[in-house]
Amino acid sequence: KEMQVKETEIVEKATEFENRKHVYKSTNEKIVASREVKSLILNLNEVYKETKDPEIMELMKRLTLIKRKIEKRLKGRPDA
């Protein structure tokens, strides 16, 4: 039962992050967001290992796309 509460909490946090506006003004904001989304994905992965819930897999995929976008912006454009 305790796992269920933790699981719901993780999914809620991940969904909240996903629905947030992703406008990061400073490099620091991008770094913080990148770390947050990475941690969420890792936590979701733990839940997924237990439950094998396809919805959690989909959520992880969507968060991974957001993470890639943030990291791409962090690296910057070398040709600019």
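Predicted model: local features only at pLDDT ≥ 70, side-chain atom pairs only at ≥ 80, totals over all residues.

Modeller: The chain holds 3 helices and 0 strands, and its elements run α-α-α from the N terminus. Its C-alpha trace spans about 50 × 20 × 15 Å along the principal axes.

Colleague: Why are H2 and H3 called roughly antiparallel?

Modeller: H2 and H3 pack at an angle of about 160°, with axes 9 Å apart. The term applies to angles over 145 degrees, and H2 and H3 are therefore roughly antiparallel to each other. Their crossing is left-handed. The residues of this contact divide into 15 nonpolar, 5 polar and 5 charged.

Colleague: What makes Lys52 count as exposed?

Modeller: Lys52 has a relative accessibility of 53%. Exposed means over 50%, so Lys52 falls in that class. Lys52 lies in the loop between helix H2 (27-51) and helix H3 (54-75).

Colleague: How do you know whether Glu50 is buried or exposed?

Modeller: The relative accessible area of Glu50 is 60%. Glu50 belongs to helix H2. The C-alpha atoms of Glu50 and Ser26 are separated by 37 Å, the two residues being 24 apart along the chain.

Colleague: Which residues touch the most other members of the largest nonpolar core?

Modeller: They are Ala14, Phe17, Leu44, Leu63 and Ile70, in a core of 17 residues. To belong to such a core a residue must be buried, with under 20% relative accessible area, and joined to others through side-chain atoms within 4.5 Å. Helix H1 (2-19), H2 and H3 each supply at least two residues of this core. The largest share, 7 residues, comes from H2.

Colleague: What is Leu44 in contact with, leaving aside its neighbours within four places in sequence?

Modeller: With those neighbours set aside, Leu44 is in contact with Ile10, Val11, Ala14, Ile56, Leu59, Met60 and Leu63.

Colleague: How many of the residues in the chain are buried, as a percentage?

Modeller: Buried residues make up 28% of the 80 residues in the chain. As for contacts between residues at least 6 apart in sequence, 65% join residues at least 24 apart.

Technical notes: Residues numbered from 1 in each chain as written. Heavy atoms only, no water. Helix = DSSP H or I, 4+ residues; strand = E, 2+ residues; numbered from the N terminus. Buried < 20%, exposed > 50% of the residue type's maximum accessible area, 1.4 Å probe, protein only. Axes fitted to C-alpha atoms, helices over the stretch in contact; angles between N-to-C directions. Parallel < 35°, antiparallel > 145°, perpendicular 65-115°, else oblique. Left-handed = near helix turned anticlockwise from the far one by under 90°. Nonpolar A, V, L, I, M, F, W, Y, C, P; charged D, E, K, R; others polar. Contact = heavy atoms within 4.5 Å.
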